[in-house]
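Here's a quick briefing to read alongside the model. Have the sequence and the 3D view open as you go.

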Amino acid sequence: MACVQYRGLAKELIHRMKYERAQAGVAEIALLLARQLAGFSGDAVLVPVPTATSRVRARGYDHAALLAREVSRLTNTPRRIVLRRVGQAHQVGSRRSQRLEQLQAAFRPVQVNEIRGRHIILIDDVLTTGATLEAAARVLRRAGAARVDAIVFAQA
């Protein structure tokens, strides 16, 4: 479920958050994401889609983790870090088939007891092809998640 289309101000806001270290927009984006949670049950757990560690090192933060933390704070929905990114594949500019191939083993579960039987809501900034969310959801389902949904700020 996406809040807005990935164009105009939304695209600029995300670009600045990810590539210019402008974290000021996180609160506004999180507010919109928090509104999307109204339709979900109260037993859900928020899980940020992990960013490649090379990107985290370059930025100094994981933007999806910041968004999930703020959404958690706004909604009192628990947030858990139960996925790790494996590898450093960069997907910007890749076609869906390339992304799917890159993401075959891109995530691994951690703290499986926090996944098993739970309703997981993945949090991310942009939905482009859906390959990243599909890969993350597949890993979570294999680890025993009862249900996996996703909310994103913008959809391309």
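Which residue caps the N-terminal end of helix 4? That's D62, with a side-chain oxygen 3.0 Å from the backbone nitrogen of A64. Bear in mind that this is a predicted model: local features need pLDDT of at least 70, side-chain atom pairs count only at pLDDT 80 or more, and totals for chains, interfaces and linings use all residues. Residues are numbered from 1 along each chain as its sequence is written, and side-chain values use heavy atoms, with hydrogens and water left out.

**Helix 4**

- Helix 4 covers residues 63-75, 13 residues in total, and spans 18 Å from its first C-alpha to its last, close to the expected 18 Å; the expected span is 1.5 Å times one less than the number of residues.
- Helices here are DSSP runs of H or I with at least four residues, strands are E runs of at least two, and both are numbered from the N terminus.
- The buried residues of helix 4 are H63, A64, A65, L66, L67, A68, E70, V71 and S72; buried means under 20% relative accessible area, exposed over 50%, and partly exposed in between, with a 1.4 Å probe and protein chains only.
- Those buried residues pack against helix 1 (8-19), helix 2 (26-36), strand 2 (44-48), helix 3 (53-59) and strand 5 (119-127).
- S72, in helix 4, counts as buried because its relative accessible area is 15%.
- Leaving out residues up to four places away in sequence, S72 touches L46, T77, P78 and R79, where contact means heavy atoms within 4.5 Å.

**Positive phi**

- Most residues other than glycine have a negative phi.
- N76 follows helix 4 and has a positive phi of about 60 degrees although it is not a glycine.
- N76 sits in the loop between helix 4 and strand 3, and it counts as exposed because its relative accessible area is 71%.
- Q111, also not a glycine, has a positive phi near 50 degrees.
- Q111 belongs to the loop between strand 4 (107-109) and strand 5, and is partly exposed because its relative accessibility is 45%.

**The second largest pocket**

- The second largest pocket holds about 170 Å³ of space; that volume is the space filled by probe spheres set on grid points, which are joined across faces, edges and corners.
- A pocket is an open set of points on a 1 Å grid over the protein atoms alone, where a 1.4 Å probe fits, with protein on both sides within 12 Å along at least five of seven lines; lining residues have an atom within 4 Å of a point.
- Its lining has 13 residues, with P50, D62, I81, L83 and R84 nearest the centre.
- Helix 3 and strand 3 (83-85) are the elements that give two or more residues to this lining, and strand 3 has the largest share, three residues.

- T53 lies in helix 3 and is partly exposed, because its relative accessibility is 34%.
- From T53 to R138, 85 residues along the chain, the C-alpha separation is 21 Å.
- A2 is part of strand 1 (residues 2-5) and is partly exposed because its relative accessible area is 26%.
- Apart from neighbours within four places in sequence, A2 is in contact with V152, F153, A154 and Q155.
- A2 and G25 are 23 residues apart in sequence, and their C-alpha atoms are 17 Å apart.

Note on methods
A polar contact is a pair of N or O atoms within 3.5 Å; within protein, one must be able to donate a hydrogen and the other to accept it, and residues adjacent in sequence count only if both atoms are side-chain atoms.
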